[in-house]
Each structure stands twice: as C-alpha cells, then as structure tokens.
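Student: I've got a structure to go through, could you take me through it? Let me put it up first.

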Protein chains: 2
Amino acid sequence: MVVLKYGGSSVETIEKMQKIADKIIDRRKVHQKIVVVVSAMGKTTNSLIETAKKVSHNPSKREMDLLMSTGEQVSISLFAMILNEKGCEAIALTGFQAGIKTEGIHTKNKIADIDCRKIKGHLEKGKVVVVAGFQGLNDLGDITTLGRGGSDTTAVALAAKLGCTCEIYTDVSGIYSVDPRLYKDARKLSVISYEEMEEMASLGSKVMEARAVEIGHLYHVPIYVASSLEAIDGSYIKESGLQVEKRSVTGLSINENVLMITLNHVPYSSKNIAHIFMRLASASVNVDMISQTSPVSGYVNISFTTSKEDITIIDEIIDDIKEEFKGIDCLKDEDIIKLSVVGLGMRSQSGIAANIFEIFAENDIVFKQVTTSEISISYTINKDYKQKAVHAIASYFNL
Amino acid sequence: MVVLKYGGSSVETIEKMQKIADKIIDRRKVHQKIVVVVSAMGKTTNSLIETAKKVSHNPSKREMDLLMSTGEQVSISLFAMILNEKGCEAIALTGFQAGIKTEGIHTKNKIADIDCRKIKGHLEKGKVVVVAGFQGLNDLGDITTLGRGGSDTTAVALAAKLGCTCEIYTDVSGIYSVDPRLYKDARKLSVISYEEMEEMASLGSKVMEARAVEIGHLYHVPIYVASSLEAIDGSYIKESGLQVEKRSVTGLSINENVLMITLNHVPYSSKNIAHIFMRLASASVNVDMISQTSPVSGYVNISFTTSKEDITIIDEIIDDIKEEFKGIDCLKDEDIIKLSVVGLGMRSQSGIAANIFEIFAENDIVFKQVTTSEISISYTINKDYKQKAVHAIASYFNL
C-alpha cells in the first residue's frame, strides 16, 4: 500500500493529469493498493479566494471553506474519470467521504481523526482511491479546510492511519540544502531527518509544511519528496538514526515574510514587558524572535519579529502602547529577512554560531538579531545582504 | 415561512446575486423564515459536463455527480457571503448538509426524503438558509444530482416538507399560454392548475419540469413563478378547484426534440408488435406517440415518436429488427415537432379536436399523428408548419 500526493501544479491541466494517471497505472505493477491525494488544479484555490473577496470584505469563514473545498472536488472527480477511462478502476472521495474528521477554526482546521473504513473497502475491491486533499468535516457537519500545506497533511495523515509510505510529488525534484533559486550549486539531500525538515519548514523552506512533517515524525511515516513529472531521484524524510548523513549543517532556509518592530525607551520592569507581549498575544500576533538591550537608566529597547500580515493589528497595538507609556519610540522594519541554518549535528558540535559570525564579519554583513534552537541558528539581516549571505554560508558549509 | 428558488440565469454574475440578495433582504420584512434554493451560476453545469467529456468518452456517472455538484456549492457559498456582507445573517448548506436524501441512479436521482432538522434549527436562529439545488446524498454516502429541473424539485420538495409556499424566480415573467417567442400576443396566466402545468411541462413547456409540479400537486404546495429581476406579477400554480379560469384550452406547448420512426410492412401479429416495443423498452428508449395503420394483406405500418437523443440506440435496434423481419422498410423523420394544446376544460367540453382539425384544414397544415389525453391533444407536424399552426391555434382559442 502507498499514498501518493500530487499538488496543484502537478494537476493544473487535463494533459498533466493524464500523464500522472499513466504514472499511477505504472505503479500498480508494484503496489496493489494505491491512495492518491490531489490538490485543486493549479491556482484554483487562489482564484476562489479572490472571487470571495469580490463579494465580501470579510467573507464568513465557514462559507469560505465550503467554497474552497470545491477546488479539490473538481480535481478528484476529473482524475478518477481519467483513471477509469484508461481502464484503471478508480473512485473519488471528498474529505468527508474519506472519513477525514477535523477540529478547530474554519480555514485553519486540524485533522482530529480519520475513519479509513470506506477507503479500505474500496482498496480491497482493487480500486485506486482518489482522495481530496486539504479538506474534511467537523463535528457540526460543516465542510472544513486545513489551511496551508493542507494536502500534504491529508496525505501524511492517511499514510499514518493506513501504515504505509507517503510520497509527495511536486514541482521541485526533492529537498535541497538551500533553495536552488538562491544558490545554484545547492545540493539535493537524498535523506533528511524529520527534525531537520521540521526546522527547515518552519524557518521558511517551502517544499513541505512543518505540520505535515510533524505528523510523519509522530507516526513514523517514511516520506519521499520528488518531482511529479521528471524521473529523477527525490529525497527521503525519515528517522534520524540510520542513514542521515552526519553533517553539522544540513540546510539553509530563508524567510522573507518578516516584520521587525523595535520599541525604544521602554520603562524597564518585568511587568511592563509582560504587559506588552500579553497585549500582542491577545490579538493573536505570532511573535518570533525577541531581543532586548540591557537596561540603561531604567529604560530598555525591545525588538521582536512577526509576519508581515500582522502589520495592521500591530499598528493599533503600538498606538495603545504609546498611550500607556509616554516617550516610547517605535520603529518598523519591513526590509529584513530571516536566515536560518539547520542541522542535527549542531546538537553535538559547538562552534557553528562562531563560524557564521566569522562569515558575516568577513563579508561585512550586519545582523540585527540572533536566536538559537537545539538544531538551528537564525539571524535577521537586511534583505540587501541576502544573496551575499546565502552564498558565503552555503559555500562554507558545502550545502 | 417561504422557499424562494433562483435559477442559474438569475445568479450568473456576482452583480445579479447582489440584486437578488437585496430582494431577499426586502422579503424579510414579510417573512421571518426564508429558505433560498439556488442553482449553479449561469452555464456552470454545462461547462463542467464539457470538461468531463474532454477527459472521458463515458465519464463514470458517480464522479459526474461529484463534479457537477460543485457548481451549486460555489453559488451557495458566494450567495451566503453576499447576504452576510449586507448584514443579513445567512448560512449555506449543500444538499447533504440540508438533509436531502436521494435514491435512484447517478445523474438522475430522485429525492427519497428530507431531514429538515438542520434547516429548521438555522431558521429558528433567524438565519436565511441558502440551500444548494439539484443535489443530495444517497444511502452509500455518495453525492448525487437530480437531473433536469433538479433545483425546482429541491425547492418544491423543501416547501412540501416545511409546509410553506414555493416561489420560483426565473428569466421569464410567469407562465404563458404559448411561448411568447413563438406567439407575441401570448397571454400570461395568472393562475394555472397543477394538472394543466404538469401536462404542459411534460409536453414541452420549459418554464418548469413536470416532476417539480407533480411534487407540488401531491403535497398541495402553492407554487408561484415570476421574473427574478422585474417587479411584475407572475403566475400561480395551485389546486384547480378555486380560482382557475374555466377555459377549454389553457395553453399550447411545442416540443422540438422529437424523432419519428415509421416501420412499413411489418407482418401483423400482436406478438410481433409487442416484440418490437419490448426491444425498445429494454434499451430504455422512451416511446411517446404510437400510431398504426389497419392491417392490409397481413401487414401493418407502425409509427412512433421518441426523443432525438435516442437516435444511436434506435439505429441499432432497427438493424436487429430488419434482420428478424425481412422486408421491413424503415423511415426516420427528424424534421417534425409535437404541438399540444392543454386545458382542464377538455374534460367536460368535447369538440376541441374537431376545432383543431378544422384549423389545420383551413391552413393547409398536414398532421402525421394525433393522440389525446384527458386534458390535452397532441399532434406531430412538420416543423415548417410550426409558426403557422401556433398562430392559427393561439388566435382561435385566444391564448
């Protein structure tokens, strides 16, 4: 048994769907039981969102989910028809028909459980089961969607429930140490550990969403990421124990969706600092990197980063804070990026941070903040340094 | 409480949807509880069918239903968003969410029952409930569609279950005695009986499908048919007892989707005739008008009409019949139409047929077949006579 997932760019036209169908028919020689998870065709989801924005400034999220879920319903119907037409018996199942139960808030649901009986029944009858990614049904009987990376999450969760491998086919040919568009000599990783992939994904690598990798990690689902059309080897995401190459630094991620806020001249007290961050948290602002200067004359400067989407709400909060703490000065910096290096080897090897400080110094790169996790180090730098920093670090660590 | 139904042409653009939303908000001043049934936007269903035909010569009907049902899912989502945006709380329900249970074969399902609890719950909370027409869920958990006139059927069946009036808004301004495109002086009927409307619909009038009217008849649902955008009075379909004007002839219908087959020189025996029609029935060919000449020298000529879609299967059957009965000669005539006059008054008044024969004679119109029912008379005539026959009959009976 195997779960194969094809993203929107892999099924954006009927011609592409037909090529993928041929590949699946080929795979039947190896796998008796095949579940195919497909996304909406091409940019369908985006155009549905744009239509909704035309009719409402703030479309009701429940109806947004109902609307968006039609995208996969179209692609699974057509894909099953194509397989049937080619003589490969197939059946299309929407999220709720596939037994995918979700919980949480509309447009950002999580998979609560999957009742695989229907899928298993059709697999037993020899059918290829085509499942709509990205969607499910909540306890109220409402159709829901899973948010970013939702189809990957569907595929990995199905593989976890069915106890098989999950193969993610996409428009890149695997997982690279650095985005090949930023560094042309980037190495494709034949194997990467769940931990490293989670870290890279959450730090900005766009091949897979962190949540899908996390599910794979939790349920020990081997994940294979490869090109949907080219017949070249992809990358495995698996347990770190065995084949993972022992490298100190495995990859480099860039996140450009970063906004840095600096509050200068904040009256220093734990209570004040807590108050500011509680205010941000209560507005659901996701604060990432935080840095604070040493107090001088009873005042500190605080910097934190968040994502650019939060800029409107941040502006409101800052106005409130300025009212409360007279004399505070606030700077917003949208011209920064977050550069992160990731590697399981960092656990046992110190000195990676020192290497990078050295690289920055040699290349006259000024960083604004630095944070470290067990297997990664992240820096905020001005976006003008991006290319220079990527090249210097990637070549130093042979990424 | 009231059920309002808007067809595809009424919701084909967002601008049209917004106008309809304003009308519904207006109606809330009168009706506390409003259920709106909407079809897919404009020609969406047709374009989905065309896409399916591109991927498969014979698309699996189950997946066809899954594909087509996305059309209404999009329109209900957007329509509920528009109502919400205008401050009118609304919720969109797909067929299965609205509790519509179906039975039968895919693409031609019938409504088996409706579990209205969810609809009633939302109505109690003061929400306008926007229900997807044309679709439901069968016992297997498969999404199904209701075939031609499906959204009207959904609306009337919901009104029957909820015990309220059903208003059908469409691109014509009511029910006319004759199609106004054929006869410009056609009268709009303020009231028509269920029986007459069923007869007119099954004889080719396209305002409403007969099955929706039949459900209304069975459950005594008052149906009002009017223009979705113009503010002019429409037509009521209701019990014949009360307000129905006592006219001998209420309306005239034209059906152009007619194919006439004539089998000449058939060896005459009841067994042979039965054999031919059993052969047609077993291939699901819907035979309409049948006529037969008196036997001459042990042979008869048989003519029957069917719809043009059946031409391929008819050709196969005729080849078989020619093998079995040597010497049979077969003619196919696609250039005919079926003209029907309908009126409850025919039950008590004789002579309508005689009037029409006279009209035909005066106007040199040759008819090929004639059949009568309790409240209608139908003729097949060459399509070249269409305009002349419509004008002569409509002006004679003051339609």
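Student: What share of the interface residues of chain A are also interface residues in chain B?

Tutor: Bearing in mind that this is a predicted model, 100% of the interface residues of chain A are interface residues in chain B as well, so the copies meet through the same surface.

Student: And how many residues of each chain are in contact?

Tutor: There are 25 residues of chain A in contact with 25 residues of chain B. On chain A, the helices α2 (44-55) and α3 (61-85) each supply at least two residues of the side that touches chain B, and α3(A) gives the most, with 13 residues.

Student: What is that side made of, by class?

Tutor: The side of chain A that touches chain B has 12 nonpolar and 10 polar residues, together with three charged ones.

Student: OK, what rotation superposes chain A on chain B?

Tutor: A rotation of 180°, with 0.0 Å of shift along its axis, superposes chain A on chain B with an RMSD of 0.1 Å, and that is the relation of a two-fold axis. In chain A, the C-alpha nearest the axis belongs to A:T70, at 2.7 Å from it.

Student: Switching to strands: which ones does β13(B) pair with, and in what sense?

Tutor: Strand β13 (residues 223-227) of chain B pairs with strand β9 (residues 165-170) of chain B in the parallel sense over five bridges, where B:C166 stands opposite B:I223. With strand β14 (residues 235-238) of chain B, β13(B) pairs in the antiparallel sense over three bridges, and there B:Y236 is the bridge partner of B:Y224.

Methods. Residues numbered from 1 in each chain as written. Chains lettered and ligands numbered in written order. Predicted model: local features only at pLDDT ≥ 70, side-chain atom pairs only at ≥ 80, totals over all residues. Contact = placed C-beta atoms within 7 Å. Helix = DSSP H or I, 4+ residues; strand = E, 2+ residues; numbered from the N terminus. Nonpolar A, V, L, I, M, F, W, Y, C, P; charged D, E, K, R; others polar. Least-squares fit on C-alpha atoms with pLDDT ≥ 70 in both. Pairing = 2+ DSSP bridges.
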